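Subject: Structure handover

Hi,

Here is the structure I promised to pass on. Please open it first, then read my notes below.

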Amino acid sequence: MTRVLAVLEQRDGRLRGVSAEVVSAAAALARDLGGEAEGIVLGGPGIEETVHAAQAFGARRIRVGSHEALAHYRPEGYAEALAGMIREGGTAAAVLFSATATGKDLAPRVAALLDLPLAQDVTGISGLGGRVRMVRPVYAGKANATIEHDAAPVLATIRPGAISAVEGISHAEIEPLSLALDPERWPTRRLSFEPEGGDIPDVSEAAIVVSGGRGLRDPANWAMLEELRAALGSEAGLGASRAVVDAGWRSHSEQVGQTGKTVAPRLYFAIGISGAVQHLAGMRTARTIVAVNRDRDAPIFRVADYGIVGDAFEVVPRLAAEIRARKES
Amino acid sequence: MKILVCVKRVPDTDTRIQISADGTTFDAAGVRFVMNPYDEFALEAALRLKESGRASEVTVVTLGDESAQETLRGALAVGADRGVLCRGVSGPDGLATAKILRSAVEAQGPDLVLAGVRSVDGDQEQVGPMLGTLLGWACATCVSEIEGGDGVLIAVREVEGGRERVQLTLPAVVTLTKGPFELRRPSLPGIMAAKKKPLEVREAEVVSPRVRVVALELPPARKEGRIVGEGPDAVPELVRLLRDEAGAL
(Lines give C-alpha, C1' and ligand atoms only; values in the text may rest on other atoms or scores of the structure.)
Protein backbone atom coordinates (compact mmCIF):
# COMPACT_ATOMS: atom_id res chain seq x y z
CA MET A 1 0.00 0.00 0.00
CA THR A 2 1.38 3.40 -1.02
CA ARG A 3 1.77 5.63 1.99
CA VAL A 4 1.97 9.42 2.24
CA LEU A 5 3.20 10.78 5.55
CA ALA A 6 2.22 14.13 7.07
CA VAL A 7 4.43 15.63 9.77
CA LEU A 8 2.21 17.56 12.18
CA GLU A 9 3.54 20.53 14.07
CA GLN A 10 2.87 21.47 17.67
CA ARG A 11 3.97 24.42 19.71
CA ASP A 12 3.82 24.45 23.52
CA GLY A 13 1.99 21.14 23.42
CA ARG A 14 -0.78 22.39 21.13
CA LEU A 15 -1.23 21.28 17.57
CA ARG A 16 -0.85 24.20 15.15
CA GLY A 17 -3.63 25.01 12.66
CA VAL A 18 -1.33 24.30 9.71
CA SER A 19 -1.21 20.66 10.80
CA ALA A 20 -4.76 20.09 9.54
CA GLU A 21 -3.68 21.53 6.18
CA VAL A 22 -0.69 19.22 5.86
CA VAL A 23 -2.77 16.14 6.74
CA SER A 24 -5.36 17.20 4.17
CA ALA A 25 -2.64 17.67 1.54
CA ALA A 26 -1.26 14.21 2.36
CA ALA A 27 -4.72 12.64 2.16
CA ALA A 28 -5.38 14.24 -1.25
CA LEU A 29 -2.00 13.10 -2.57
CA ALA A 30 -2.57 9.60 -1.19
CA ARG A 31 -5.89 9.46 -3.07
CA ASP A 32 -4.11 10.48 -6.32
CA LEU A 33 -1.58 7.69 -5.77
CA GLY A 34 -4.12 5.09 -4.66
CA GLY A 35 -2.77 4.85 -1.12
CA GLU A 36 -3.26 6.03 2.44
CA ALA A 37 -2.14 8.98 4.52
CA GLU A 38 -0.50 8.71 7.91
CA GLY A 39 0.37 11.42 10.38
CA ILE A 40 3.48 11.73 12.53
CA VAL A 41 3.84 14.09 15.46
CA LEU A 42 6.65 14.63 17.94
CA GLY A 43 6.40 16.25 21.32
CA GLY A 44 6.79 15.92 25.05
CA PRO A 45 4.96 13.36 27.23
CA GLY A 46 1.18 13.71 26.94
CA ILE A 47 1.31 15.05 23.40
CA GLU A 48 -1.14 12.30 22.29
CA GLU A 49 -3.92 14.26 23.97
CA THR A 50 -3.61 17.14 21.52
CA VAL A 51 -3.48 14.99 18.40
CA HIS A 52 -7.25 14.43 18.43
CA ALA A 53 -7.58 17.77 16.65
CA ALA A 54 -6.04 16.22 13.53
CA GLN A 55 -7.92 12.92 13.53
CA ALA A 56 -10.66 13.95 11.13
CA PHE A 57 -8.56 15.19 8.22
CA GLY A 58 -8.17 11.96 6.29
CA ALA A 59 -5.21 10.09 7.78
CA ARG A 60 -5.58 6.39 8.57
CA ARG A 61 -3.39 6.58 11.65
CA ILE A 62 -1.26 9.08 13.51
CA ARG A 63 1.97 7.93 15.08
CA VAL A 64 2.93 9.98 18.10
CA GLY A 65 6.57 10.00 19.20
CA SER A 66 7.11 11.43 22.65
CA HIS A 67 10.17 12.17 24.75
CA GLU A 68 10.67 14.78 27.44
CA ALA A 69 13.50 16.36 25.44
CA LEU A 70 11.09 16.98 22.54
CA ALA A 71 8.57 19.18 24.39
CA HIS A 72 10.03 22.16 22.51
CA TYR A 73 11.54 22.01 19.05
CA ARG A 74 15.07 20.64 19.25
CA PRO A 75 16.51 20.37 15.75
CA GLU A 76 18.82 17.40 16.23
CA GLY A 77 16.33 15.37 18.25
CA TYR A 78 13.39 16.09 15.98
CA ALA A 79 15.41 15.33 12.83
CA GLU A 80 16.84 12.09 14.20
CA ALA A 81 13.51 10.84 15.57
CA LEU A 82 11.64 11.70 12.39
CA ALA A 83 14.22 10.16 10.08
CA GLY A 84 13.83 6.96 12.09
CA MET A 85 10.03 7.04 11.98
CA ILE A 86 10.06 7.73 8.22
CA ARG A 87 12.43 4.82 7.50
CA GLU A 88 10.27 2.51 9.54
CA GLY A 89 7.47 0.65 7.81
CA GLY A 90 8.97 0.73 4.33
CA THR A 91 9.28 3.44 1.74
CA ALA A 92 6.56 6.05 1.60
CA ALA A 93 5.75 7.88 -1.64
CA ALA A 94 6.00 11.28 0.02
CA VAL A 95 6.57 13.00 3.35
CA LEU A 96 4.95 16.40 3.79
CA PHE A 97 5.83 19.05 6.39
CA SER A 98 4.43 22.53 6.99
CA ALA A 99 6.53 25.35 5.55
CA THR A 100 6.64 27.20 8.86
CA ALA A 101 9.84 28.47 10.50
CA THR A 102 10.11 25.12 12.30
CA GLY A 103 9.15 22.99 9.29
CA LYS A 104 11.63 24.77 7.03
CA ASP A 105 14.40 24.24 9.61
CA LEU A 106 13.52 20.60 10.22
CA ALA A 107 12.77 19.25 6.73
CA PRO A 108 16.25 19.99 5.26
CA ARG A 109 17.87 18.17 8.19
CA VAL A 110 15.65 15.13 7.70
CA ALA A 111 16.37 15.26 3.95
CA ALA A 112 20.11 15.28 4.60
CA LEU A 113 19.86 12.38 7.08
CA LEU A 114 17.84 10.31 4.61
CA ASP A 115 19.85 11.47 1.56
CA LEU A 116 16.74 12.71 -0.23
CA PRO A 117 16.03 15.92 -2.15
CA LEU A 118 13.54 18.41 -0.69
CA ALA A 119 11.13 20.96 -2.13
CA GLN A 120 10.39 23.87 0.24
CA ASP A 121 7.32 26.06 0.27
CA VAL A 122 5.24 24.01 -2.13
CA THR A 123 1.92 25.58 -3.14
CA GLY A 124 0.52 22.67 -5.16
CA ILE A 125 1.15 18.91 -5.10
CA SER A 126 -0.44 16.10 -7.08
CA GLY A 127 0.20 12.52 -8.08
CA LEU A 128 -0.24 11.17 -11.57
CA GLY A 129 0.82 7.78 -12.85
CA GLY A 130 2.66 7.13 -9.61
CA ARG A 131 4.77 10.29 -9.94
CA VAL A 132 4.57 13.24 -7.58
CA ARG A 133 4.58 16.67 -9.19
CA MET A 134 4.94 19.89 -7.22
CA VAL A 135 4.59 23.59 -7.89
CA ARG A 136 6.67 26.06 -5.93
CA PRO A 137 7.16 29.79 -6.31
CA VAL A 138 10.68 30.95 -7.19
CA TYR A 139 12.12 34.47 -7.32
CA ALA A 140 9.75 35.25 -4.42
CA GLY A 141 6.69 34.51 -6.51
CA LYS A 142 7.78 36.24 -9.71
CA ALA A 143 7.62 32.77 -11.32
CA ASN A 144 6.29 29.29 -10.54
CA ALA A 145 8.40 26.18 -11.06
CA THR A 146 6.83 22.76 -11.59
CA ILE A 147 9.24 20.11 -10.34
CA GLU A 148 9.68 16.38 -9.93
CA HIS A 149 12.11 14.49 -7.70
CA ASP A 150 13.93 11.39 -8.94
CA ALA A 151 13.91 9.75 -5.52
CA ALA A 152 11.39 8.33 -3.07
CA PRO A 153 9.98 9.37 -0.76
CA VAL A 154 9.45 12.87 -2.14
CA LEU A 155 10.02 15.35 0.68
CA ALA A 156 8.20 18.67 0.64
CA THR A 157 7.11 21.48 2.93
CA ILE A 158 3.65 22.89 2.17
CA ARG A 159 3.15 26.65 2.37
CA PRO A 160 0.60 27.58 5.06
CA GLY A 161 -2.69 28.65 3.48
CA ALA A 162 -1.86 27.17 0.06
CA ILE A 163 -3.86 23.96 0.53
CA SER A 164 -7.11 24.10 2.49
CA ALA A 165 -7.79 21.80 5.40
CA VAL A 166 -10.64 19.46 4.45
CA GLU A 167 -12.37 17.25 7.00
CA GLY A 168 -12.73 13.68 5.82
CA ILE A 169 -14.93 10.86 7.02
CA SER A 170 -12.08 8.79 8.41
CA HIS A 171 -11.05 8.96 12.03
CA ALA A 172 -7.34 8.28 12.50
CA GLU A 173 -6.13 5.73 15.03
CA ILE A 174 -3.58 7.13 17.41
CA GLU A 175 -0.47 5.06 17.96
CA PRO A 176 1.81 6.24 20.77
CA LEU A 177 5.49 5.48 20.52
CA SER A 178 8.16 6.21 23.06
CA LEU A 179 11.53 7.21 21.68
CA ALA A 180 15.06 6.46 22.84
CA LEU A 181 17.12 9.62 22.42
CA ASP A 182 20.31 11.01 23.88
CA PRO A 183 19.91 14.81 24.27
CA GLU A 184 23.39 15.11 25.80
CA ARG A 185 24.86 14.67 22.34
CA TRP A 186 22.91 17.50 20.72
CA PRO A 187 25.14 20.51 20.03
CA THR A 188 22.37 23.13 20.14
CA ARG A 189 20.44 24.15 23.21
CA ARG A 190 17.44 26.42 23.47
CA LEU A 191 18.04 29.17 26.03
CA SER A 192 14.88 31.26 25.91
CA PHE A 193 11.95 32.39 23.82
CA GLU A 194 10.70 35.97 23.71
CA PRO A 195 7.22 36.24 22.20
CA GLU A 196 6.70 39.17 19.86
CA GLY A 197 3.59 40.82 18.47
CA GLY A 198 1.24 39.70 21.27
CA ASP A 199 -1.97 38.26 19.89
CA ILE A 200 -1.46 39.72 16.43
CA PRO A 201 -0.94 36.95 13.87
CA ASP A 202 2.37 36.86 12.01
CA VAL A 203 2.13 38.56 8.62
CA SER A 204 2.82 35.23 6.89
CA GLU A 205 -0.17 33.61 8.60
CA ALA A 206 -2.68 36.48 8.79
CA ALA A 207 -5.89 36.27 6.74
CA ILE A 208 -5.90 40.06 6.39
CA VAL A 209 -2.75 42.18 6.15
CA VAL A 210 -2.45 45.94 6.64
CA SER A 211 0.89 47.03 5.17
CA GLY A 212 2.56 50.41 5.27
CA GLY A 213 5.26 52.04 3.19
CA ARG A 214 7.32 55.17 3.03
CA GLY A 215 4.20 57.22 2.23
CA LEU A 216 3.46 57.10 5.97
CA ARG A 217 6.46 59.42 6.46
CA ASP A 218 7.20 58.55 10.10
CA PRO A 219 7.21 55.38 12.24
CA ALA A 220 4.89 57.10 14.74
CA ASN A 221 2.20 57.03 12.07
CA TRP A 222 1.93 53.24 12.39
CA ALA A 223 -0.53 53.90 15.21
CA MET A 224 -2.97 54.75 12.43
CA LEU A 225 -2.37 51.40 10.70
CA GLU A 226 -2.66 49.61 14.01
CA GLU A 227 -6.07 51.22 14.45
CA LEU A 228 -7.19 49.92 11.05
CA ARG A 229 -5.77 46.50 11.85
CA ALA A 230 -7.63 46.41 15.16
CA ALA A 231 -10.87 47.41 13.42
CA LEU A 232 -10.43 44.44 11.06
CA GLY A 233 -10.25 42.02 13.97
CA SER A 234 -8.10 39.24 15.33
CA GLU A 235 -7.32 37.65 11.96
CA ALA A 236 -5.52 40.80 10.74
CA GLY A 237 -1.76 41.32 10.89
CA LEU A 238 0.65 44.13 10.08
CA GLY A 239 3.10 44.24 7.17
CA ALA A 240 5.71 46.67 5.92
CA SER A 241 7.57 47.53 2.74
CA ARG A 242 11.30 47.02 2.44
CA ALA A 243 11.95 50.78 2.43
CA VAL A 244 10.53 51.25 5.91
CA VAL A 245 12.27 48.14 7.27
CA ASP A 246 15.59 49.37 5.83
CA ALA A 247 14.92 52.74 7.45
CA GLY A 248 14.56 50.94 10.80
CA TRP A 249 10.91 51.95 11.29
CA ARG A 250 9.60 48.39 11.44
CA SER A 251 11.06 44.97 12.14
CA HIS A 252 12.12 42.64 9.34
CA SER A 253 9.63 40.08 10.66
CA GLU A 254 6.90 42.28 9.09
CA GLN A 255 8.59 42.81 5.73
CA VAL A 256 6.60 41.67 2.71
CA GLY A 257 8.45 41.12 -0.55
CA GLN A 258 11.42 39.46 -2.17
CA THR A 259 13.80 39.88 0.77
CA GLY A 260 10.98 39.47 3.29
CA LYS A 261 7.92 37.26 3.48
CA THR A 262 5.64 36.14 0.70
CA VAL A 263 2.02 36.40 1.77
CA ALA A 264 -1.28 35.18 0.38
CA PRO A 265 -4.00 36.67 2.60
CA ARG A 266 -7.66 37.03 1.74
CA LEU A 267 -7.33 40.82 1.85
CA TYR A 268 -4.22 43.01 1.58
CA PHE A 269 -4.12 46.75 2.26
CA ALA A 270 -1.12 48.55 0.73
CA ILE A 271 -1.01 51.95 2.39
CA GLY A 272 1.52 54.48 1.10
CA ILE A 273 3.36 51.72 -0.78
CA SER A 274 4.34 52.64 -4.34
CA GLY A 275 4.69 49.00 -5.48
CA ALA A 276 8.31 48.21 -6.38
CA VAL A 277 8.66 44.93 -8.28
CA GLN A 278 10.18 43.28 -5.17
CA HIS A 279 7.13 44.19 -3.07
CA LEU A 280 4.64 43.11 -5.71
CA ALA A 281 6.39 39.72 -5.85
CA GLY A 282 5.62 39.20 -2.16
CA MET A 283 1.91 40.07 -2.15
CA ARG A 284 0.51 39.55 -5.61
CA THR A 285 -1.16 36.27 -4.67
CA ALA A 286 -3.39 38.03 -2.14
CA ARG A 287 -7.00 37.35 -3.10
CA THR A 288 -8.09 41.01 -2.92
CA ILE A 289 -5.69 43.95 -2.90
CA VAL A 290 -6.58 47.49 -1.83
CA ALA A 291 -4.18 50.38 -2.42
CA VAL A 292 -4.23 53.83 -0.90
CA ASN A 293 -1.70 56.19 -2.42
CA ARG A 294 -1.41 59.87 -3.26
CA ASP A 295 0.26 59.13 -6.59
CA ARG A 296 -2.31 58.04 -9.15
CA ASP A 297 0.51 56.61 -11.32
CA ALA A 298 2.00 54.41 -8.57
CA PRO A 299 2.58 50.84 -9.88
CA ILE A 300 0.64 49.42 -6.91
CA PHE A 301 -2.60 50.53 -8.63
CA ARG A 302 -1.87 48.16 -11.52
CA VAL A 303 -2.16 45.10 -9.27
CA ALA A 304 -4.74 46.45 -6.82
CA ASP A 305 -8.36 45.37 -7.21
CA TYR A 306 -9.54 48.58 -5.57
CA GLY A 307 -7.71 51.85 -5.15
CA ILE A 308 -8.25 55.17 -3.47
CA VAL A 309 -6.11 58.06 -4.67
CA GLY A 310 -5.56 60.20 -1.64
CA ASP A 311 -3.71 61.08 1.51
CA ALA A 312 -3.36 58.07 3.83
CA PHE A 313 -3.70 60.38 6.83
CA GLU A 314 -7.24 61.25 5.75
CA VAL A 315 -8.27 57.94 4.20
CA VAL A 316 -7.04 55.39 6.76
CA PRO A 317 -8.75 56.78 9.90
CA ARG A 318 -11.98 57.06 7.92
CA LEU A 319 -11.55 53.48 6.72
CA ALA A 320 -11.01 52.22 10.27
CA ALA A 321 -14.11 54.11 11.47
CA GLU A 322 -16.24 52.84 8.59
CA ILE A 323 -15.21 49.21 9.10
CA ARG A 324 -15.86 49.47 12.81
CA ALA A 325 -19.28 51.00 12.19
CA ARG A 326 -20.27 48.28 9.71
CA LYS A 327 -19.20 45.58 12.15
CA GLU A 328 -21.27 47.08 14.92
CA SER A 329 -24.36 47.59 12.77
CA MET B 1 38.42 31.08 14.72
CA LYS B 2 38.22 30.66 10.96
CA ILE B 3 34.98 31.58 9.22
CA LEU B 4 33.76 30.38 5.85
CA VAL B 5 30.97 32.42 4.26
CA CYS B 6 28.90 30.79 1.50
CA VAL B 7 27.68 33.29 -1.07
CA LYS B 8 25.64 33.01 -4.25
CA ARG B 9 25.43 35.13 -7.36
CA VAL B 10 21.76 35.87 -8.07
CA PRO B 11 19.71 38.15 -10.34
CA ASP B 12 19.21 41.60 -8.83
CA THR B 13 15.90 41.67 -6.93
CA ASP B 14 14.39 44.31 -9.23
CA THR B 15 14.77 41.96 -12.22
CA ARG B 16 11.61 41.12 -14.12
CA ILE B 17 11.65 37.42 -14.83
CA GLN B 18 11.74 36.24 -18.44
CA ILE B 19 11.38 32.55 -19.25
CA SER B 20 13.77 30.98 -21.79
CA ALA B 21 12.45 29.44 -24.97
CA ASP B 22 12.80 25.94 -23.45
CA GLY B 23 10.09 26.79 -20.92
CA THR B 24 12.04 25.46 -17.94
CA THR B 25 14.78 28.01 -17.25
CA PHE B 26 15.22 31.68 -16.48
CA ASP B 27 16.52 33.86 -19.32
CA ALA B 28 19.60 35.64 -17.94
CA ALA B 29 20.20 37.82 -21.03
CA GLY B 30 20.66 41.44 -20.03
CA VAL B 31 20.12 40.73 -16.33
CA ARG B 32 22.30 42.36 -13.67
CA PHE B 33 23.64 39.94 -11.07
CA VAL B 34 24.43 40.72 -7.43
CA MET B 35 25.48 38.90 -4.28
CA ASN B 36 22.43 37.25 -2.70
CA PRO B 37 21.18 39.87 -0.17
CA TYR B 38 20.96 37.34 2.69
CA ASP B 39 24.55 36.27 2.03
CA GLU B 40 25.55 39.92 2.41
CA PHE B 41 24.25 39.78 6.00
CA ALA B 42 26.33 36.65 6.58
CA LEU B 43 29.44 38.31 5.16
CA GLU B 44 28.97 41.43 7.28
CA ALA B 45 28.48 39.31 10.40
CA ALA B 46 31.74 37.49 9.59
CA LEU B 47 33.66 40.73 9.02
CA ARG B 48 32.45 42.11 12.36
CA LEU B 49 33.54 38.94 14.17
CA LYS B 50 36.96 39.40 12.60
CA GLU B 51 37.15 43.07 13.55
CA SER B 52 36.23 42.27 17.13
CA GLY B 53 39.16 39.86 17.28
CA ARG B 54 37.01 36.74 17.55
CA ALA B 55 37.82 35.50 14.06
CA SER B 56 41.22 35.32 12.45
CA GLU B 57 40.25 34.78 8.84
CA VAL B 58 37.21 35.12 6.59
CA THR B 59 37.04 32.98 3.45
CA VAL B 60 34.20 33.30 0.94
CA VAL B 61 33.13 30.33 -1.13
CA THR B 62 30.68 30.05 -3.98
CA LEU B 63 29.40 27.40 -6.35
CA GLY B 64 28.95 28.67 -9.88
CA ASP B 65 30.57 29.39 -13.20
CA GLU B 66 33.46 31.77 -13.91
CA SER B 67 31.16 34.79 -13.68
CA ALA B 68 30.82 34.15 -9.93
CA GLN B 69 34.43 35.32 -9.53
CA GLU B 70 33.05 38.85 -9.71
CA THR B 71 30.87 38.14 -6.64
CA LEU B 72 33.90 36.76 -4.78
CA ARG B 73 36.01 39.82 -5.73
CA GLY B 74 33.21 41.99 -4.35
CA ALA B 75 33.47 40.13 -1.04
CA LEU B 76 37.26 40.49 -1.01
CA ALA B 77 36.87 44.24 -1.67
CA VAL B 78 34.89 44.72 1.56
CA GLY B 79 37.37 42.76 3.68
CA ALA B 80 37.19 39.00 3.16
CA ASP B 81 40.68 37.46 3.08
CA ARG B 82 40.36 34.70 0.49
CA GLY B 83 37.93 33.44 -2.12
CA VAL B 84 37.17 29.92 -3.33
CA LEU B 85 35.18 29.28 -6.50
CA CYS B 86 33.79 25.76 -6.77
CA ARG B 87 33.34 25.67 -10.52
CA GLY B 88 30.12 23.82 -11.22
CA VAL B 89 26.40 24.16 -11.64
CA SER B 90 24.17 25.41 -8.87
CA GLY B 91 20.78 23.89 -9.67
CA PRO B 92 17.45 23.30 -7.98
CA ASP B 93 18.68 20.32 -5.89
CA GLY B 94 19.75 21.91 -2.61
CA LEU B 95 21.16 18.64 -1.28
CA ALA B 96 23.49 18.36 -4.30
CA THR B 97 24.68 21.92 -3.54
CA ALA B 98 25.14 21.09 0.15
CA LYS B 99 27.27 18.05 -0.75
CA ILE B 100 29.54 20.16 -2.95
CA LEU B 101 29.87 22.76 -0.19
CA ARG B 102 30.65 20.02 2.34
CA SER B 103 33.75 19.16 0.30
CA ALA B 104 34.76 22.83 0.30
CA VAL B 105 34.25 23.04 4.08
CA GLU B 106 36.31 19.91 4.65
CA ALA B 107 39.10 21.33 2.49
CA GLN B 108 39.10 24.71 4.29
CA GLY B 109 38.56 23.52 7.86
CA PRO B 110 36.61 26.49 9.30
CA ASP B 111 35.14 26.61 12.83
CA LEU B 112 32.07 28.49 11.68
CA VAL B 113 30.17 28.54 8.39
CA LEU B 114 27.86 31.48 7.75
CA ALA B 115 25.38 31.76 4.88
CA GLY B 116 22.18 33.55 3.96
CA VAL B 117 18.98 31.86 5.17
CA ARG B 118 17.92 31.54 1.53
CA SER B 119 18.81 32.71 -1.94
CA VAL B 120 16.40 35.13 -3.55
CA ASP B 121 16.32 33.18 -6.83
CA GLY B 122 15.56 29.56 -5.91
CA ASP B 123 14.03 30.47 -2.52
CA GLN B 124 14.90 26.96 -1.31
CA GLU B 125 15.93 27.80 2.24
CA GLN B 126 17.61 24.46 2.70
CA VAL B 127 21.33 24.41 1.85
CA GLY B 128 22.50 25.69 5.27
CA PRO B 129 20.74 23.14 7.48
CA MET B 130 21.54 20.36 4.99
CA LEU B 131 25.21 21.31 5.11
CA GLY B 132 25.13 21.40 8.93
CA THR B 133 23.51 17.97 9.05
CA LEU B 134 25.91 16.43 6.51
CA LEU B 135 28.83 17.70 8.58
CA GLY B 136 27.22 16.59 11.84
CA TRP B 137 27.66 20.13 13.19
CA ALA B 138 25.46 22.39 15.28
CA CYS B 139 23.22 24.54 13.09
CA ALA B 140 20.83 27.45 13.57
CA THR B 141 18.71 28.97 10.82
CA CYS B 142 17.03 32.35 10.31
CA VAL B 143 19.39 34.10 12.73
CA SER B 144 19.41 37.88 13.14
CA GLU B 145 22.03 38.29 15.89
CA ILE B 146 25.11 36.36 16.95
CA GLU B 147 27.47 36.73 19.88
CA GLY B 148 29.61 34.28 21.74
CA GLY B 149 32.48 33.13 23.87
CA ASP B 150 35.01 30.35 23.55
CA GLY B 151 33.82 27.32 21.68
CA VAL B 152 30.18 28.42 21.73
CA LEU B 153 27.98 30.82 19.87
CA ILE B 154 24.70 32.39 20.96
CA ALA B 155 22.27 32.99 18.11
CA VAL B 156 18.89 34.70 18.03
CA ARG B 157 16.47 33.01 15.63
CA GLU B 158 13.50 34.82 14.13
CA VAL B 159 10.55 32.43 14.18
CA GLU B 160 6.79 32.93 13.93
CA GLY B 161 5.54 34.67 17.02
CA GLY B 162 8.88 35.60 18.51
CA ARG B 163 12.62 35.29 18.90
CA GLU B 164 14.39 32.17 20.12
CA ARG B 165 17.85 32.30 21.72
CA VAL B 166 19.93 29.19 21.16
CA GLN B 167 23.42 28.18 22.15
CA LEU B 168 25.56 26.30 19.64
CA THR B 169 28.71 24.34 20.35
CA LEU B 170 31.29 25.02 17.63
CA PRO B 171 31.91 24.03 14.90
CA ALA B 172 28.60 25.29 13.56
CA VAL B 173 26.63 26.40 10.53
CA VAL B 174 24.48 29.51 10.93
CA THR B 175 22.13 31.01 8.34
CA LEU B 176 21.37 34.72 8.55
CA THR B 177 18.24 36.72 7.96
CA LYS B 178 17.94 40.47 8.06
CA GLY B 179 19.17 42.03 11.29
CA PRO B 180 21.76 44.70 12.00
CA PHE B 181 24.28 43.27 9.51
CA GLU B 182 23.95 45.69 6.59
CA LEU B 183 26.95 45.03 4.32
CA ARG B 184 29.47 47.86 4.16
CA ARG B 185 30.36 49.47 0.83
CA PRO B 186 33.76 48.73 -0.71
CA SER B 187 36.34 51.51 -0.56
CA LEU B 188 38.62 52.27 -3.49
CA PRO B 189 41.68 50.93 -1.63
CA GLY B 190 39.58 47.87 -0.78
CA ILE B 191 38.79 47.30 -4.44
CA MET B 192 42.48 47.67 -5.35
CA ALA B 193 43.55 45.30 -2.57
CA ALA B 194 40.95 42.73 -3.63
CA LYS B 195 42.76 42.25 -6.93
CA LYS B 196 45.79 40.90 -5.09
CA LYS B 197 43.96 38.66 -2.62
CA PRO B 198 44.03 34.89 -3.28
CA LEU B 199 41.14 33.45 -5.26
CA GLU B 200 41.31 29.72 -5.67
CA VAL B 201 39.34 27.92 -8.37
CA ARG B 202 38.53 24.27 -7.79
CA GLU B 203 36.36 21.93 -9.78
CA ALA B 204 33.15 21.14 -7.94
CA GLU B 205 32.57 17.53 -7.01
CA VAL B 206 30.12 15.96 -9.47
CA VAL B 207 26.85 15.17 -7.69
CA SER B 208 23.94 14.01 -9.86
CA PRO B 209 20.96 16.27 -9.22
CA ARG B 210 17.70 14.51 -8.46
CA VAL B 211 15.36 17.48 -8.90
CA ARG B 212 13.97 18.29 -12.33
CA VAL B 213 12.23 21.50 -13.31
CA VAL B 214 9.47 20.36 -15.66
CA ALA B 215 8.14 23.87 -16.32
CA LEU B 216 8.85 27.45 -15.30
CA GLU B 217 5.99 29.85 -15.77
CA LEU B 218 5.04 33.40 -14.96
CA PRO B 219 2.15 33.64 -12.52
CA PRO B 220 -1.18 34.53 -14.14
CA ALA B 221 -1.60 38.29 -14.58
CA ARG B 222 -3.95 40.02 -12.15
CA LYS B 223 -6.87 41.66 -13.77
CA GLU B 224 -6.74 45.43 -13.92
CA GLY B 225 -8.28 46.95 -10.82
CA ARG B 226 -10.15 50.16 -10.52
CA ILE B 227 -9.83 53.42 -8.70
CA VAL B 228 -12.85 53.67 -6.45
CA GLY B 229 -12.43 57.40 -5.93
CA GLU B 230 -10.33 60.13 -4.43
CA GLY B 231 -9.81 60.99 -0.77
CA PRO B 232 -11.78 59.89 2.30
CA ASP B 233 -15.14 60.35 0.60
CA ALA B 234 -14.42 57.20 -1.43
CA VAL B 235 -14.20 55.09 1.73
CA PRO B 236 -17.88 54.07 2.11
CA GLU B 237 -17.98 52.84 -1.48
CA LEU B 238 -14.70 50.92 -0.97
CA VAL B 239 -16.05 49.20 2.13
CA ARG B 240 -19.28 48.32 0.31
CA LEU B 241 -17.28 46.78 -2.58
CA LEU B 242 -15.04 44.83 -0.23
CA ARG B 243 -18.07 43.40 1.50
CA ASP B 244 -20.58 42.89 -1.31
CA GLU B 245 -18.44 42.39 -4.40
CA ALA B 246 -15.16 40.89 -3.16
CA GLY B 247 -16.58 39.12 -0.11
CA ALA B 248 -13.37 40.06 1.70
CA LEU B 249 -14.83 41.65 4.83
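Start with a salt bridge between the chains. B:E230 pairs with A:R296, and their closest N and O atoms are 2.4 Å apart. Please keep in mind that this is a predicted model.

**The interface**

That pair belongs to a longer list. The rule finds 14 salt bridges across the interface of chain B and chain A. On the side of chain B that touches chain A, helix α6 (residues 235–245) of chain B gives the most, with nine residues. By class, that side of chain B has 40 nonpolar, 15 polar and 25 charged residues.

Interface size is often quoted as the accessible area lost when the parts come together. Here, about 7400 Å² is buried between chain B and chain A. Carbon and sulfur atoms give 51% of that area. Within chain B, the residues that lose the most area to chain A are B:E160, B:R210 and B:R222. Together they make up 12% of what that side buries. In residue terms, 80 residues of chain B are in contact with 90 residues of chain A.

**The cavities**

A probe the size of a water molecule, rolled over the atoms, shows where empty space is left. The search of the whole structure finds three cavities of 30 Å³ or more.

The largest cavity holds about 360 Å³ of space. It is lined by 23 residues, and A:E9, A:Q10, A:R11, A:Y73 and A:T102 are the closest to its centre. Both chains take part in the lining. Helix α4(A) gives the largest share, three residues. The lining divides into 12 nonpolar, five polar and six charged residues.

The second largest cavity has a volume of about 90 Å³. Of its 15 lining residues, A:P75, A:T188, B:R157, B:E164 and B:V166 lie nearest the centre. Two or more residues each come from α4 and β13 of chain A, and from β7 (138–148) and β9 (162–169) of chain B. By class, this lining has six nonpolar, two polar and seven charged residues.

**Backbone points to check**

Two cis peptide bonds are worth a look. One joins A:A152 and A:P153, with omega about -5 degrees. A:P153 sits in the loop between β10 (143–149) and β11 (154–158) of chain A. The other runs from B:L170 to B:P171, with omega near 0 degrees. B:P171 lies in the loop between β9 and β10 (172–176) of chain B.

Next, A:D121. This residue is not a glycine, yet its phi is positive, about 60 degrees. A:D121 is in strand β7 (residues 118–122) of chain A.

Last, A:T50. This residue is in helix α2 (residues 48–51) of chain A. Leaving out residues up to four places away in sequence, A:T50 touches A:G13, A:R14 and A:L15. A:T50 and A:P153 are 103 residues apart along the chain, and their C-alpha atoms are separated by 27 Å.

Best wishes

How values were computed
Residues numbered from 1 in each chain as written. Chains lettered and ligands numbered in written order. Predicted model: local features only at pLDDT ≥ 70, side-chain atom pairs only at ≥ 80, totals over all residues. Heavy atoms only, no water. 1 Å grid on protein atoms, 1.4 Å probe; cavity = no way out; pocket = protein on both sides within 12 Å on 5 of 7 lines; lining within 4 Å. Points joined across faces, edges and corners; volume = space filled by probe spheres on them. Helix = DSSP H or I, 4+ residues; strand = E, 2+ residues; numbered from the N terminus. Nonpolar A, V, L, I, M, F, W, Y, C, P; charged D, E, K, R; others polar. Contact = heavy atoms within 4.5 Å. Buried area = accessible area lost by both parts, 1.4 Å probe. Salt bridge = Lys/Arg side-chain N within 4 Å of Asp/Glu carboxyl O.
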